[in-house]
Amino acid sequence: MYDTKENVLAFSKQDAFYKALLLLYPESYRDHFGQEMLFAFEDMYQEEVEKYGKIGLGFWISVFLDTVESVVTEHMNMMKKQGFKKYLNINAYNVIGGILLLPFVLILGSDFIGRLVQGDFSHPNMGLAGFLSRSILYSGYDKLLWAILVFAPLLAAVLNLIPLASSLRGESNKLTFRKLLFTRPVSLLIVGMGLLFILIVAGHDAVPCFVNQLISKGFGNIWQTILVCKNA
Amino acid sequence: MSKSKAFSNSNVSLTPQIFYILLSLAVKERHGYEIMKQVENDSSGKLKLGPGTLYGAIKRMLEEKLIVELDTDHSRRKYYKLTDKGRAIFSNELQRYEEAVEIAKERNLFANPSATKSAYV
């Protein structure tokens with residue numbers, strides 16, 4: 001069944017896909033069982049092809065559900081065993097960063113939900129972000145408030161680059177993004193969120209416009225979308 | 001080993017997955033995919049384990065020392081085998097089922113499940 005070039009190539013693709021799914025498991029679990037799980041997946045795949053002549057959607061759904069269920073279970077078990085703080089490797093930088101970002105999470109999160117419910121991501125004055133921008137415009141302290149709005153997530157992001165940098169140094173450049181994700185997940189999340197919030201605040205309506213254009217027109221005209229939203 | 005002692009030695013609750021894995025390993029050692037297929041056969045297709053669920057259960061069973069990994073030179077795959085503890089717990093579980101089946105037969109519950117009420121009077 002797997003003698004033909006097409007079958008070997010197709011099989012390699014599934015292999016690569018399942019290997020990527022295995023990255024979601026805790027590292028120690030993956031080190032112990034990853035190879036065996038891959039063997040079992042290969043056998044399942046082969047059997048499915050031999051039985052039905054092709055791989056159906058049901059196969060991928062069952063693989064996906066099995067992976068999601070076991071990934072969540074294994075991470076929960078790991079968290080129970082190590083304790084929440086140790087599992088997430090939380091430090092003072094994370095706490096300060098979290099406090100700095102909390103207002104943004106609440107404001108922009110509720111704004112996003114508001115836009116999602118309304119189904120309109122382009123409306124400039126909708127939700128709390130709209131309220132916030134109007135308040136800034138009419139407050140007379142617009143530059144100061146705007147500076148604070150940009151400075152807080154920037155500070156959170158910069159502070160959380162410190163533990164990331166120390167992890168990189170400690171591993172003598174061998175640390176990949178994947179490893180960083182597992183060793184400093186909270187720092188990485190705060191840096192990412194900080195940069196996103198800076199983009200949203202600094203970009204005013206460009207980000208909602210971009211999301212709206214992507215939803216309505218897809219990724220086909222991405223450059224046109226960027227041009228349209230650049231001056232939004 | 002007495003029944004109660006066997007259970008007190010393990011924190012593993014015998015979920016259907018663990019029960020069927022023990023059942024599949026009771027006859028001979030097997031590797032992961034063989035266990036998956038055997039579990040599916042033994043449960044008449046009612047229980048299908050994916051690699052994630054299977055190895056999650058195997059991990060817990062290894063931690064509880066119900067099974068061990070075998071070192072095999074002839075295969076790249078890992079084979080698993082029941083330990084004495086695993087076999088004792090499995091035997092006790094089977095015995096418990098057997099006793100429950102006997103009671104159910106005595107009370108004629110297989111033919112008439114609604115007889116449950118009157119059987120307890």
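Among the elements of chain A, which has the lowest mean pLDDT and which the highest? In this predicted model, helix α6 (residues 127-139) of chain A has the lowest value, 55, whereas α2(A) has the highest, 92.

**Figure 1. Chain A and its helices.** Chain A contains 11 helices and 0 strands. Read along the sequence, the chain follows the pattern α-α-α-α-α-α-α-α-α-α-α. The mean pLDDT of chain A is 76, and 67% of its residues reach 70 or more. Of the 232 residues in chain A, 34% are buried. Among contacts in this chain between residues at least 6 apart in sequence, 57% join residues at least 24 apart.

**Figure 2. The largest nonpolar core, with elements from both chains.** This core holds 39 residues, of which B:Ile21 and B:Tyr55 touch the most other members. Chain A takes part through α1 (5-22), α2 (27-52) and α3 (57-82), each of which supplies at least two residues of the core. On the side of chain B, at least two residues come from each of α2 (16-25), α3 (32-42), α4 (51-63), β3 (79-82) and α5 (84-106). The element that gives the most to this core is α2(A), with 9 residues. Apart from this core lies another, of 13 residues, including A:Met78, A:Leu88, A:Leu101 and A:Ala156.

**Figure 3. Surroundings of B:Ile21.** Which residues are in contact with B:Ile21, leaving aside its neighbours within four places in sequence? They are B:Ile35, B:Val39, B:Leu49, B:Leu54, B:Ala57 and B:Met61. B:Ile21 is also one of the two residues, with B:Tyr55, that touch the most other members of the largest nonpolar core.

**Figure 4. The contact between chain A and chain B.** The contact takes 20 residues from chain A and 20 residues from chain B. About 1,700 Å² is buried between the two chains, with 51% of this area on carbon and sulfur atoms. In chain A, the residues that lose the most area to chain B are A:Phe33, A:Glu36 and A:Phe39, together accounting for 31% of what that side buries.

**Figure 5. The antiparallel sheet of chain B.** Three strands form an open sheet in the order β1-β3-β2, and the pairing is antiparallel. Strands β1 and β2 of chain B stand at the edges, each with a single partner strand, so one side of each is left without a neighbour in the sheet. Strand β1 (residues 30-31) pairs with β3(B) over 2 bridges. In these, B:Arg30 has B:Tyr80 as its bridge partner, and B:His31 has B:Tyr79. Strand β2 (residues 67-70) pairs with β3(B) over 4 bridges. The bridge partner of B:Ile67 in β3(B) is B:Leu82.

**Figure 6. B:His31 in strand β1 of chain B.** B:His31 lies in strand β1 of chain B. Is B:His31 buried or exposed? Its relative accessibility is 9%, under the 20% limit, and B:His31 therefore counts as buried. Not counting residues up to four places away in sequence, B:His31 touches A:Asp43 of chain A as well as B:Arg77, B:Lys78 and B:Tyr79 of chain B. B:Tyr79 is also the bridge partner of B:His31 in β3(B).

**Figure 7. Helix α5 of chain B.** At 1.5 Å a residue, the 23 residues of α5(B) should span 33 Å, and the end C-alpha atoms of this helix are 33 Å apart, which agrees. The buried residues of α5(B) are B:Gly86, B:Ala88, B:Ile89, B:Phe90, B:Asn92, B:Glu93 and B:Ala104. α5(B) is followed by B:Asn108, whose phi is positive, near 60 degrees.

**Figure 8. Two residues of chain B with positive phi.** Most residues other than glycine have a negative phi. B:Ser44 has a positive phi of about 55 degrees although it is not a glycine. B:Ser44 is found in the loop between α3 and α4 of chain B and is exposed, with a relative accessible area of 60%. B:Asn108, likewise not a glycine, has a positive phi of about 60 degrees. B:Asn108 has its place in the loop between α5 and α6 (116-119) of chain B and is partly exposed, with a relative accessible area of 45%.

Notes:
Residues numbered from 1 in each chain as written. Chains lettered and ligands numbered in written order. Predicted model: local features only at pLDDT ≥ 70, side-chain atom pairs only at ≥ 80, totals over all residues. Heavy atoms only, no water. Core = buried A, V, L, I, M, F, W, Y, C linked by side-chain atoms within 4.5 Å. Buried < 20%, exposed > 50% of the residue type's maximum accessible area, 1.4 Å probe, protein only. Contact = heavy atoms within 4.5 Å. pLDDT = per-residue confidence, 0-100. Pairing = 2+ DSSP bridges. Expected span 1.5 Å × (residues − 1). Buried area = accessible area lost by both parts, 1.4 Å probe.
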